Amino acid sequence: MWRMSADPIEKLSSLFERFPGIGPRQAQRFVQFLLRSSPAIRRELMDGVRELGSSVHQCPECMRYSAGNKGLCAICADNNRDTGLLAVVSSDGDLLALERSHTYRGRYFVLGGLISLASDKINGLRLSELTTSLSQRADAGLQEIILAFPANPEGDATAIRVREELAPIGLIHGFKVSTLGRGLSTGSELEYADPDTLKSALDNRK
Ligand SMILES: [Zn+2]
């Protein structure tokens, strides 16, 4: 459990410590930065956080967070995107990395995480949301699902598990399931891969 201090500096610092990958020293540095910042910058930050609650929603099709109050995100609403391809990614960040590479013109589904090797848990992953959407996607022309997970042990474990789940459904509906090729160096996150690497990983999928 998180203990909340009455000291505003400690309190904000412990809030920053909840962020992924942020330790106490970095959290302290954020607070020090804000203390030195102008009220205008602090207000901008507060407004930005507040707008996440009021002006952002989850796209009902790909499940990523996107601006606006309801309806499909810009990618899912784009009729020029190829409905024959569906890339399953772990996070919004990985989706955006594929978008930045300008090599992929299909649709997406954000699984919302990876299987943790420590627990082998799939809790919290949107696996049933994905499987229930497949018959409709097949009607829309789905040919191939590309499992686009990071090249690390969690990514590999997730790909195995998701493939087990999807392959039988693919047999019924006539789509195949592929994984990204190893253009990605081992251990690399999609988010930090350069566009050429992502392109070769996509081209070499199997
Ligand atoms: Zn979407």
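This briefing covers the fold of one chain, from its overall layout down to single residues.

The structure is a predicted model: local features require pLDDT of at least 70, side-chain atom pairs count only at pLDDT 80 or more, and totals for chains, interfaces and linings use all residues. Residues are numbered from 1 along each chain as its sequence is written. The chain has eight helices and six strands. Helices (H or I, at least four residues) and strands (E, at least two) are DSSP runs, numbered from the N terminus.

**Overall layout**

- The chain divides into domain 1 (8–54) and domain 2 (65–203); such bounds come from an automatic or database domain assignment.
- The centres of domain 1 and domain 2, taken over C-alpha atoms, lie 32 Å apart.
- The C-alpha trace spans about 60 × 35 × 35 Å along its principal axes.
- In sequence order, the elements read α-α-α-β-β-β-α-β-α-α-β-α-β-α.
- Of the 206 residues, 22% count as buried. A residue is buried if 20 or more other C-beta atoms lie within 10 Å of its own, exposed if 12 or fewer, and partly exposed in between, with C-beta atoms placed from the backbone.
- Among contacts with a separation of 6 or more, 54% join residues 24 or more positions apart. Two residues are in contact if their C-beta atoms, placed from the backbone, lie within 7 Å.

**The four-stranded sheet**

- Four strands make an open sheet with parallel pairing, in the order E4-E3-E5-E6. Strand E4 (106–110) and E6 each have a single partner strand and stand at the edges, so one side of each has no neighbour in the sheet.
- From one strand to the next, the twist averages 25°. Axes are lines fitted to C-alpha atoms, for helices over the stretch in contact, and angles run from 0 to 180 degrees between N-to-C directions.
- Two strands pair if DSSP finds at least two bridges between them.
- Strand E3 (residues 82–89) and E5 run parallel, joined by five bridges. Ala87 has Ile146 in E5 as its bridge partner, and Val88 stands opposite Leu147 in E5.
- Strand E5 (residues 144–148) pairs with strand E6 (residues 176–179) in the parallel sense over four bridges. Leu147 faces Thr179 in E6.
- Five bridges link E3 and E4, again in the parallel sense. Here Val88 stands opposite Phe109 in E4.

**Crossovers and helix packing**

- The β-α-β crossover from E3 through H4 to E4 is right-handed. That term applies if, with the strands pointing away from the viewer, the path from the first strand over the helix to the second runs clockwise.
- E5, helix H7 (residues 153–173) and E6 also form a right-handed β-α-β unit.
- H7 lies across E3, E5 and E6, at about 160° to E6.

**Helix H8**

- In helix H8 (residues 195–203), the buried residues are Leu198, Ala201 and Leu202. They cover an arc of only 100° around the axis, which puts them on the same side of H8. The arc is that of the directions from the helix axis to the C-beta atoms.
- Asp196 and Asp203 are exposed on the other side of H8.
- H4 is included in what covers the buried residues of H8.

**Residues to check**

- Most residues other than glycine have a negative phi.
- Met63 is not a glycine, yet its phi is positive, at about 75°. Met63 sits in the loop between strand E1 (56–58) and strand E2 (65–67). Met63 is buried, with 21 other C-beta atoms within 10 Å.
- His102 also has a positive phi, near 55°. His102 belongs to the loop between H4 and E4. His102 counts as exposed, with 10 C-beta neighbours inside 10 Å.
- Asp94 is located in helix H4 and is buried, with 24 other C-beta atoms within 10 Å.
- Leaving out residues up to four places away in sequence, Asp94 touches Val89, Ala148, Leu190 and Glu191.
- Asp94 and Lys70 are 24 residues apart in sequence and 22 Å apart in space, C-alpha to C-alpha.
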